[in-house]
Amino acid sequence: MSDTRTTPPSPPLSKRGKTAVGRPLLLLAGLALALCAFSWVLVSGLVAGNAGTLPAAQRRAWSSLGTLGDALGQFKQPRGISTFPDGSFVVVDRAARVQFFTRDGKPLRIWTMHEHDLGNPKGLCTLPDGNLLVCDTHYGRVLELTAFGDVAKVWGGYGYGPGQFIHPLSCAVDPVRRVAYIVEYGDRNDRVQKFALDGTFLKAWGSFGSESGQFQRPSGVALDADGSVYVADACNHRIEKFDPDGKFLLAFGELGRAPGKLSYPYDIACGPDGLLYIAEFDNNRVSVFERGGKFVRAFGGPGSAPGQFANPWSLAVDARGRLMVSDTRNHRVQVFDLAAENAVPAPRVARRE
């Protein structure tokens, strides 16, 4: 390890989030404004590459929420998204705001991260006790926060050692096995770290590179029912699969725009159907694969129409079988009912030559 690596001074960490000392902003005037701007509507428009009105079953598969703005229920480039067992969900955006929504998309509360002068968080996931793990990317740490923004625990700190981070990007929790996986990148420290849910470091694997088991900006992580770990290896344009202890199993994907190719996969989620859903930041689409790497289908395409994307960053699947996608530069979250969406022919993807 190079002796030139230095550790920046740790910034102060207040015990509560900003905005009313960590309590949500629920002023009636603000809520009324947000509800006017908030959209949770069934889509009846066009999907990329399709002409005419979508079939009724497919229209039921799409909904969206959010517009650009500062109010409750609005976003400034949503990034990380995660769900709770009851179907409610939480979103963090580029303005370092954390927002909670009911299972039906009604905004509940909002607070701002404790410090964000150095940069904003990228990913988050939910814990079985209702707390959040937030990847405080540019501070080299993962914060365990309550639903009201109080700091329960700080996981890690800036560094290269076990349990430390350079730029943590995303996390996933296995509530059955009581472990969490966190992916990070930066200064050739690209790797996966595994923790117990009390924050105890267990192990790490991976390094910077393009060989099997190596990474270049691992940006997303997901788990299947067997405990297998899937990593969105963004700058290698592939997905890597590991067993729960980090043994490399397989990799699939290569750079391209054709169906079955990948271009900067930023996140991955396992659906109730056993399929893998991958958000492609550069291809502006969601690609679907079997867990063994066989391509199934893709949907989306560049644009702002319903079902189109502008740099999708993150995605999650809730207990109702809905796929939620952070449509970052469209400042919205799009929701796909996987049962209805899979019951009709796949929308064609708009090709970019």
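**Close-up views of a predicted model**

**View 1. A hairpin formed by strand 19 and strand 20.** Five residues lie between strand 19 and strand 20 in this hairpin, and G274 in the turn has a positive phi of about 80°. Strands here are DSSP runs of E with at least two residues, while helices are runs of H or I with at least four residues, all numbered from the N terminus. This is a predicted model, in which local features need pLDDT of at least 70 and side-chain atom pairs count only at pLDDT 80 or more, whereas totals for chains, interfaces and linings use all residues. Residues are numbered from 1 along each chain as its sequence is written, and side-chain values use heavy atoms, with hydrogens and water left out. Strand 19 and strand 20 (residues 276-280) run antiparallel and are joined by five bridges; two strands count as paired if DSSP finds at least two bridges between them. Strand 19 (residues 265-270) is largely enclosed by the rest of the structure, because five of its six residues are buried. Buried means under 20% relative accessible area, exposed means over 50%, and partly exposed lies in between (1.4 Å probe, protein chains only).

**View 2. Strand 13 and its two partners, strand 12 and strand 14.** Six of the six residues of strand 13 (residues 191-196) are buried, so this strand is largely enclosed by the rest of the structure. In a regular strand, the side chains alternate between the two faces of the sheet. Here both faces are covered: R191, Q193 and F195 are buried on one side, and V192, K194 and A196 are buried on the other. Strand 12 (residues 179-185) runs antiparallel to strand 13, with six bridges joining them, and Y181 stands opposite K194. Their hairpin has five residues between the strands, and G186 takes a positive phi near 115° there. Now turn to strand 14 (residues 201-205), which pairs with strand 13 in the antiparallel sense over four bridges. V192 has W205 of strand 14 opposite it. The hairpin of strand 13 and strand 14 has four residues between the strands, and G199 in its turn has a positive phi of about 95°.

**View 3. The disulfide of C125 and C171.** A search of the whole structure finds one disulfide, meaning a pair of cysteine sulfur atoms within 2.5 Å. The sulfur atoms of C125 and C171 are 2.5 Å apart. Because the torsion about their S-S bond is about -120°, the disulfide is left-handed. C125 lies in strand 7 (residues 123-126) and C171 in strand 11 (residues 167-174), so the pair ties together parts that are 46 residues apart in sequence. Both C125 and C171 are buried. What is the nearest cysteine sulfur to C135, which is in no disulfide? That sulfur belongs to C171, 4.2 Å away. C135 also counts as buried, because its relative accessibility is 0%.

View 4. Strand 16 (residues 229-233) and strand 17 (residues 238-242) pair in the antiparallel sense over five bridges. Y230 has K241 in strand 17 as its bridge partner.

**View 5. Q77 and A96, with positive phi values.** Most residues other than glycine have a negative phi. Q77 has a phi near 55° and sits in the loop between strand 2 (62-65) and strand 3 (78-83). Is Q77 buried or exposed? Q77 is buried, because its relative accessible area is 14%. A96 has a phi near 65°, and its place is in the loop between strand 4 (89-93) and strand 5 (97-101). With a relative accessible area of 0%, A96 is buried as well.
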